[in-house]
There are 2 protein chains.
Amino acid sequence: MAKVKKIFTNILRFLALAATVVAVVFMATSHDSAQVLNLTFTAKYSNTPAFKYFLIAEAIAGGYIAISILLSFKSQFWRLLVILDTFTTVLLTSSISAAVAIAQVGKKGNTHAGWLPVCGQVPDFCDQVTIALIAGFVAAISYFVLLLCSIYVVLSPIFVKLPLSED
Amino acid sequence: MAKVKKIFTNILRFLALAATVVAVVFMATSHDSAQVLNLTFTAKYSNTPAFKYFLIAEAIAGGYIAISILLSFKSQFWRLLVILDTFTTVLLTSSISAAVAIAQVGKKGNTHAGWLPVCGQVPDFCDQVTIALIAGFVAAISYFVLLLCSIYVVLSPIFVKLPLSED
């Protein structure tokens, strides 16, 4: 059972690591420009705070995940890993949520606010951002499942001596 | 120690419940209109998908938190509570992140994308949304601390029989 859990959690860690690398690479290299009324309109991730936050958060999470894979081979670190995995899950969730919210405006616009969609003008930029967001979503889901799995195992009666009474 | 933990976690639950109620009320009632070039421009939360998501997520989380306060008095539900608290933390984090990303564009605009700020035209709407977002932030932080506290207690050697070996 411990071996199956180890294989499963390591698959999730490697999947999340690969996803964060893809997210960082595709977001960092997203770039496109368009000519509108003789003006050159350049789209890149650094023009949007939510995309900058996404890139930084995915990079930090990716770095931690790489270290966590090494730490997962040392059983004495398992408690620390569960705590750090909680922080990583929240960081990945926050970054993908903020980036998707802005990407939705970029794709559909918001007529009520007078914000026009930009994907028609800079399709290459939008395609790259879409791939980065899909990768970010995969990373967040992988880590959420990993965290639930760790918490579930920790909570199982085999590991717990006493009920954590709130009485 | 168990009593201190119970008081602390219940304070966090009540704080998060109050915060989600404030977030829902202020976001749901956010409304303002402005006259721009003889056109009436109306701002309300339902015009923005991220704000709709925020309202729905905060309402679901608030409903769960109210139930969790009742369940926390029955010690047999503590395992279920830790799992559901994990879902709630992720939901609250996701909703506040998406809403803040859009609110930032509403406040500052994005000149690169041609999206103008709207808070100058509809200040009452922006003020209400700001209060809702502060409340959403308080709810997310409270729940994150609550989850960390629960995980930390579950992981403490008093409660755990065996190391959760990944070997």
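UniProt, in an unreviewed entry, places the feature "transmembrane region" at residues 50-73, 80-103 and 131-155 of chain A; its positions follow the numbering used here, feature names are shortened, and annotations may be inferred rather than shown by experiment. This is a predicted model, in which local features need pLDDT of at least 70, side-chain atom pairs count only at pLDDT 80 or more, and totals for chains, interfaces and linings use all residues. Residues are numbered from 1 along each chain as its sequence is written, chains are lettered from A and ligands numbered from 1 in the order in which they are written, and side-chain values use heavy atoms, with hydrogens and water left out.

**Annotated spans of chain A**

- Residues 50-73 of chain A are 92% helix and 0% strand, with end C-alpha atoms 35 Å apart; helices (H or I, at least four residues) and strands (E, at least two) are DSSP runs, numbered from the N terminus.
- Residues 80-103 of chain A are 100% helix and 0% strand, and their end C-alpha atoms lie 34 Å apart.

**Helix α4 of chain A with helix α3 of chain B**

- Two packed helices are described by the angle between their axes and the distance between the axes.
- The axes of α4 (residues 123-155) of chain A and α3 (residues 78-108) of chain B come within 10 Å and cross at roughly 165 degrees; axes are lines fitted to C-alpha atoms, for helices over the stretch in contact, and angles run from 0 to 180 degrees between N-to-C directions.
- α4(A) and α3(B) are therefore roughly antiparallel to each other (an angle over 145 degrees).
- Their crossing is right-handed (the near helix is turned clockwise from the far one by less than a right angle).

**Helices α3 and α4 within chain B**

- The axes of α3(B) and α4 (residues 123-155) of chain B come within 8 Å and cross at roughly 150 degrees.
- α3(B) and α4(B) are therefore roughly antiparallel to each other.
- The contact of α3(B) with α4(B) has 16 nonpolar, 6 polar and 1 charged residues.

**A loop residue of chain B**

- B:Ser72 lies in the loop between α2 (49-71) and α3 of chain B.
- B:Ser72 counts as buried because its relative accessibility is 1% (buried means under 20% relative accessible area, with a 1.4 Å probe and protein chains only).
- B:Ser72 and B:Lys6 are 66 residues apart in sequence and 8.5 Å apart in space, C-alpha to C-alpha.

Definitions and conventions:
Parallel < 35°, antiparallel > 145°, perpendicular 65-115°, else oblique. Nonpolar A, V, L, I, M, F, W, Y, C, P; charged D, E, K, R; others polar. Buried < 20%, exposed > 50% of the residue type's maximum accessible area, 1.4 Å probe, protein only.
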